[in-house]
Amino acid sequence: MEATIGNVIAVMGDFKNPDKVTAAAKGIHGAGYTKFDIYTPYPVHGLEKAMGMPKTSLPKFALAGGLFGLSSAFALQYWTGGIEYKLNIGGKPLFAPQFGVPVFFELMVLCTGLTVFFTMFGYLNRLPNWHSKYQYDAGFQAATDDNFCVVLEAEDPRFTVETAQALLSKLGADNVRVVRETLEQD
Amino acid sequence: MEAKEQVATATAGYTNGAAMNGYHDSPSAKPVREPLVLGNKTIHQITEDICGIAEQKATPKFWAALLASMLVAGAGIGALTYTIAVGIGVWGLNNTIGWGWDITNFVFWVGIGHAGTLISAVLFLFRQKWRTAINRSAEAMTIFAVINAAVFVLTHTGRPWLDYWLLPYPNQMKMWVNFRSPLEWDVFAVSTYFTISLLFWFTGLVPDLASLRNRAKSKIAKAGYTVFSLGWTGSTRNWHHYEFAYMIFAGLSTPLVLSVHSIVSFDFAVSILPGWHTTIFPPYFVAGAIFSGFAMVLTLMLVAREILDLHEYITLKHIDNMNKIILATGMIVGYAYAMEFFIAWYSGNPYERFVFINRATGDYAWSYWMMMTCNVFSPQFFWSARLRRNVWFTFVLSIVVNIGMWFERFTIISTSLHHGYLPSSWHYYTPTWVEITIFVGTFGLFMVFFLLFAKYLPIIALGEIKSIMPGAQPSHHHHDDHAHDEHSGEVTAKAHH
């Protein structure tokens, strides 16, 4: 695969220290940038807050999934046993919440888990997405090893190459670099 | 709350905060508590070590082990095919004893799985950071164990090609499943358990697969890791949601793991058979499951530790901690055995009393005493700190415990069934070669899965172990942050809400 070089897509800088990268996140957020991200090998606690990210909406989805599971379990047991297929087994009631508990619980957990999994990966994180426009940058790749890679995206309204470079240098980033689009030619 | 805990554990290994640089350790700092990872590793070294295992060429030893496991699994699959083709009449079951090795093995394997969930979920919620060295492989073990459990429970129905009848679905017979039966609860419990364990495990794997993807040299490896890492980049915007999802999974799995073996115990406890009809079963089964599961984790991890040279990650501290859990759950199990006996006497029910006296002195007394020796007496050695930290002793004892736990299930099932109310139907049960081969075969299958996992996937949770390294987290200074003193930016205890 050959690659040619295109437009500027980002300015990147590297950090190795969690304190400095957190301070940098605050600095970038404070400077008014919105289209930026920090790629890290593991979750650095407090970084999302320093970046000014709002709380995740995942719990709402989880709750909805759980309620769906619980109510379907109720409906399933009530309708099949109590209405559709009335079978007397040892004189036990056709439906009672007591014997429904295990299935209430299991379906609630199952639906919550599936909702969380697909919402988190698919909806909130937009995965799978097997291509990233930054993927040829070595520092970006090293973010799955030990690098904290700060990316100021060119799409940000405040972005100019010079100001972005100056900001990252001021915040103490190493290896501040301009990253250009890589056009793949198969 | 969390901030306090995080700071406390991050500083725990060192007498002062200044040593916690993460990238190079000050020689003056003496550990108060053993560090979780030995060898003063940098974050990069951890990537090298763990990814290195998956990247090195498979050795002839590996292929030999894989082949041997496949042969054993193959024999099991052969016996299983024979069972399905001919019918479960080829097993040693009779009119009196309708559940034998099939359900014994089902409960045994489901129980094994519980340690994995306990380590990944319960210890996560309790912020037990030592879990990061073993959680990945324990979770993998859970999944493989539940697959094995499914083998038994799906074939014992007799006509496994009709197993979908277990699920409630609209059909031309206009029939629905019986939700009043604990066996139906089991269908929901075990399938939910498997699904959630798999999602939890896979969620944990995604960032680590991305690490492997970015390092992969061969095209095939690159393609495989690329697909399964879903294009994970390590974006903080992703980690943010990811971490919350991980917490919800832990929060879901904690009651789930308790529910699954409780529901398995309902298979027995809800019946009115003396020996089964006891209210102590749910907690007793859960404790037993964790007991056997930890033993299995130890058996596997001690071998992996030697073969893959993970001494710096799975330290004596980890082994010590797991042995303490084995001791604690072993005591709960021992208490449950004693309490069962007491209640059988205290109930004043002659049938109940008979079953328990028969259990200890009757035809299956050998099985009962085997269980008592392995599960109640043998873990007592672990009161000794020296023995808890003796690798060979732990290895042998972990196997003894699992033998004991297998016999527990066998004892519960066969002693309660073989002498019913009518002496004319009293009977004895011995398994046939078919049942034995299937059981041995499941160990082969388990090893095939485990070997493939250990070879091709990150056996230690990279992202998680990195995040608990000294120096890995920022040092925020909160009002409740009293656990470490003020230092420069290099100092890294962490705080987080």
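What follows is a short chat about the interface, some ring pairs and one arginine.

Modeller: Ground rules: this is a predicted model, where local features need pLDDT of at least 70 and side-chain atom pairs count only at pLDDT 80 or more, while totals for chains, interfaces and linings use all residues. Residues are numbered from 1 along each chain as its sequence is written, chains are lettered from A and ligands numbered from 1 in the order in which they are written, and side-chain values use heavy atoms, with hydrogens and water left out.

Colleague: What is the area buried between chain B and chain A?

Modeller: Contact means heavy atoms within 4.5 Å, and 68 residues of chain B touch 68 residues of chain A that way. Buried area is the accessible area (1.4 Å probe) that two parts lose on being put together, summed over both. Carbon and sulfur atoms give 65% of it here, and the total is about 6100 Å².

Colleague: Which residues form a salt bridge, and how far apart are the closest N and O atoms?

Modeller: The rule wants a side-chain nitrogen of Lys or Arg within 4 Å of a carboxyl oxygen of Asp or Glu. Across the interface of chain B and chain A it finds one. That one joins Glu84(A) and Lys174(B), with the closest N and O atoms at 3.7 Å.

Colleague: How are the rings of Trp239(B) and Tyr242(B) arranged?

Modeller: Rings of Phe, Tyr and Trp (its six-membered ring) pair if their centres lie within 6.5 Å; planes under 30 degrees apart are stacked, over 60 edge-to-face, the rest tilted. Trp239(B) and Tyr242(B) sit three residues apart in helix 8 of chain B, so about one helical turn separates them. Their centres are 5.1 Å apart and their planes at 90°, so the pair is edge-to-face.

Colleague: Is Arg177(A) buried or exposed?

Modeller: Buried means under 20% relative accessible area, exposed over 50%, partly exposed in between (1.4 Å probe, protein chains only). Arg177(A) has a relative accessible area of 12%, so Arg177(A) is buried.

Colleague: Which side chain does the side chain of Arg177(A) join in a polar contact?

Modeller: A polar contact is a pair of N or O atoms within 3.5 Å; within protein, one must be able to donate a hydrogen and the other to accept it, and residues adjacent in sequence count only if both atoms are side-chain atoms. The Arg177(A) side chain reaches the backbone oxygen of Asn175(A) at 2.9 Å. Its side-chain partner, at 3.2 Å, is Asp14(A).

Definitions and conventions
Helices (H or I, at least four residues) and strands (E, at least two) are DSSP runs, numbered from the N terminus.
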